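Me: I am new to this structure and would like to learn how to read its features one at a time. Could you take me through them slowly, giving the general idea before each case?

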Amino acid sequence: MMNIQYSTLAKGLGVLLATNAAMPQTVVAAPANAEQPNIVFIFSDDHSNRTISAYGSDLVQTPNIDRIANEGAIFENTFVVNSICQPSRASILTGKHSHQNGVIDNTSRWNPNQLIYPHLLEEAGYDTALIGKWHMKPTPVNEFGYSFVLNGAGGQGTYYQPEFIDQKGKKTVLNGYSADLITDMSIDWIGEHKDADNPFLIKVQYKAPHTPRRPALRHLTTFKDHVFPEPTTLHDDYTTRGEHAQKAWMQMYGMGDVGINAFPPAATSPEASKIREEWLATMNPRERRAFNQWMNRMTKEQRDAWHEAYDDINVEHWELLKKPEYKRSRATLTTEQRATRLSYMYQRFMRDYAATVLGIDENVGRILDYLDEQGLAENTIVVYSSDQSFFIGEHGWAEKRYMYEEGMKMPFMIRWPAQIEGGQRPDAMIQNIDFGPTFLDSVGLPVPEEMQGMSFKGLLDGKVSTSEWHKKREAVYYHYYMEGGHNVPRHDGVRTERYKLIDFYSQNKGEGWLELYDLEKDPNEVNNVYENADYAEVRATMHQHLKDTRAKYEVPADVYEVPYPYMHRRERKELGLIK
């Protein structure tokens with residue numbers, strides 16, 4: 001049973017979870033044969049579509065990830081059902097929305113006894129593995145034939161000298177850079193299974209570019225002097241949006257030093273020593289402990305490389321903080337002064353983010369090259385995706401969670417030379433609940449009725465058109481539950497090809513706040529037209545879509561009632577549930 005406090009979901013989510021936990025996996029699976037494809041599912045964390053050049057990025061070039069798109073298909077409109085780490089991963093495995101699989105937020109406990117697509121592949125004779133970031137509780141027990149996942153740091157793992165844990169609970173620290181090590185082990189696992197009679201599924205899952213973004217040594221200075229173009233909405237004033245937008249704890253302006261790798265310089269000179277001591281003295285015990293743990297985790301060579309690359313810009317950072325416009329507190333600053341810090345923080349953030357993305361791209365290239373060298377490429381499905389996209393300055397934010405485009409979208413591209421013609425760019429709306437059904441369909445297995453996603457294989461082989469697809473799914477559904485996370489309110493909503501309706505149902509003491517966007521006229525979502533009389537008919541249609549999708553996916557009614565599932569103490573206090 002998932003860990004929910006102050007909830008009235010016994011008749012809703014609780015019953016669904018109990019049913020899932022007891023449900024036998026009775027789907028009849030066909031035996032594997034030589035024609036069934038291997039599947040290599042490469043997955044990153046918080047990778048913005050805008051930092052993948054196949055999506056037209058002007059920020060960073062990703063030639064290896066682009067290969068998958070160019071030699072297969074890249075989807076322009078792929079959407080997560082709940083934009084946060086654990087829920088996205090659970091929805092991919094189960095093909096279900098969060099309220100159905102029990103993982104509604106990052107505090108939820110994963111039920112490993114549910115029906116998941118890797119188990120169905122195993123029943124059909126597939127060998128399965130997951131190597132890298134799992135980030136669900138508990139760590140894998142029976143989900144894959146083999147698993148070796150990042151451990152520590154809240155399940156995130158670390159970039160340098162990461163700790164891994166196997167299915168028996170044994171922990172191992174490996175020397176090196178996380179993405180490189182995960183790729184090494186994944187290639188080794190493929191090598192051990194490439195000549196076996198059974199086809200294989202391997203999920204290669206990177207931590208990057210999740211915070212704290214720490215590039216590989218080879219990329220520490222790649223973007224050091226680069227100036228990134230600012231997004232149009234970097235200095236968004238949130239006019240027409242609800243108060244929640246200004247109150248969300250994801251402002252790039254307010255990001256701390258860790259978020260931009262600003263840290264005390266090495267004591268290599270009297271001046272540097274003075275700054276180092278001053279800086280360390282300003283850190284609270286938690287910050288100082290985290291800094292020491294990070295530095296002590298690295299080898300001397302790694303620490304020296306980081307200091308060589310960052311000390312000069314961090315000394316500059318320390319001096320800038322003495323100026324009012326660069327201070328973190330924004331209470332007494334003018335709009336112009338706040339804008340100065342935001343632009344500065346954006347450049348620092350982007351240099352690390354883009355450099356970390358390069359490490360992913362290089363490792364994707366290593367996997368693709370290995371498949372080519374071993375003659376496996378032709379009949380191997382290769383997917384690149386991420387648990388969600390990410391706000392990289394849009395609306396002044398650095399996070400996900402929101403149903404706005406940058407939070408709701410996710411990258412997705414797929415290559416299968418034996419079956420998929422290259423160069424495709426489908427604009428059909430798909431979601432992460434569709435991934436599992438598509439894998440099953442592609443290997444000739446039936447999609448269980450309990451999975452809420454749909455196979456989009458027909459979009460790839462030309463048997464289904466976008467218009468036909470959208471007749472089956474006129475709108476995609478989204479639901480975010482984690483009110484206490486970054487002060488982003490719980491909300492759900494629907495998106496069609498042109499419009500988006502968001503219901504911030506927990507706002508205004510439960511009376512709600514609604515936003516409607518015309519994505520054709522307002523792709524940046526800065527003009528909420530919910531109260532605009534010209535959109536009265538659209539508003540009514542979107543409300544019907546929301547009602548229909550809630551019913552279609554069997555969202556329990558008490559999800560919208562106080563007390564909500566998972567409530568932050570601040571929220572409970574505001575609603576008068578505690579003093």
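Reply: Let us begin with the idea of a pocket, which is an open set of grid points with protein on both sides within 12 Å along at least five of seven lines, while its lining residues have an atom within 4 Å of a point. Please keep in mind throughout that this is a predicted model.

Me: Which residues lie nearest the centre of the second largest pocket, and how many residues line this pocket?

Reply: Rolling a probe the size of a water molecule over the atoms shows where empty space is left. In this case the second largest pocket has a lining of 20 residues, and those nearest its centre are Glu-76, Asn-77, Glu-405, Lys-409 and Arg-495. Its volume is about 490 Å³, and the lining is made up of nine charged, six polar and five nonpolar residues.

Me: How many aromatic pairs does a search of the whole structure find?

Reply: Two aromatic rings count as a pair if their centres lie within 6.5 Å, and planes over 60 degrees apart make the pair edge-to-face. The search of the whole structure gives 37 aromatic pairs. One of them joins Phe-412 and Phe-456, whose ring centres are 5.5 Å apart and whose planes stand at 85° to each other, which makes the pair edge-to-face. Because Phe-412 belongs to strand 10 and Phe-456 to the loop between helix 13 and helix 14, this pair ties together parts that are 44 residues apart in sequence.

Me: Are Phe-412 and Phe-456 buried or exposed?

Reply: A residue is called buried when its relative accessible area is under 20%. Phe-412 has 1% relative accessibility and so counts as buried, and Phe-456, at 0%, counts as buried too. Both belong to one aromatic cluster, whose members include Phe-41, Tyr-117 and Phe-439.

Me: Where does the charged end of Arg-214 sit?

Reply: Here the feature to look for is a charge placed over a ring. The charged end of Arg-214 sits over the ring of Trp-294, at 3.6 Å from its centre, while Arg-539 lies over the face of Tyr-530, 5.3 Å from the ring centre.

Note on methods. Residues numbered from 1 in each chain as written. Predicted model: local features only at pLDDT ≥ 70, side-chain atom pairs only at ≥ 80, totals over all residues. Heavy atoms only, no water. Phe/Tyr/Trp six-rings, centres within 6.5 Å; stacked < 30°, edge-to-face > 60°. Helix = DSSP H or I, 4+ residues; strand = E, 2+ residues; numbered from the N terminus. Buried < 20%, exposed > 50% of the residue type's maximum accessible area, 1.4 Å probe, protein only. Lys NZ or Arg CZ within 6 Å of the ring centre and 35° of its normal. 1 Å grid on protein atoms, 1.4 Å probe; cavity = no way out; pocket = protein on both sides within 12 Å on 5 of 7 lines; lining within 4 Å. Points joined across faces, edges and corners; volume = space filled by probe spheres on them. Nonpolar A, V, L, I, M, F, W, Y, C, P; charged D, E, K, R; others polar.
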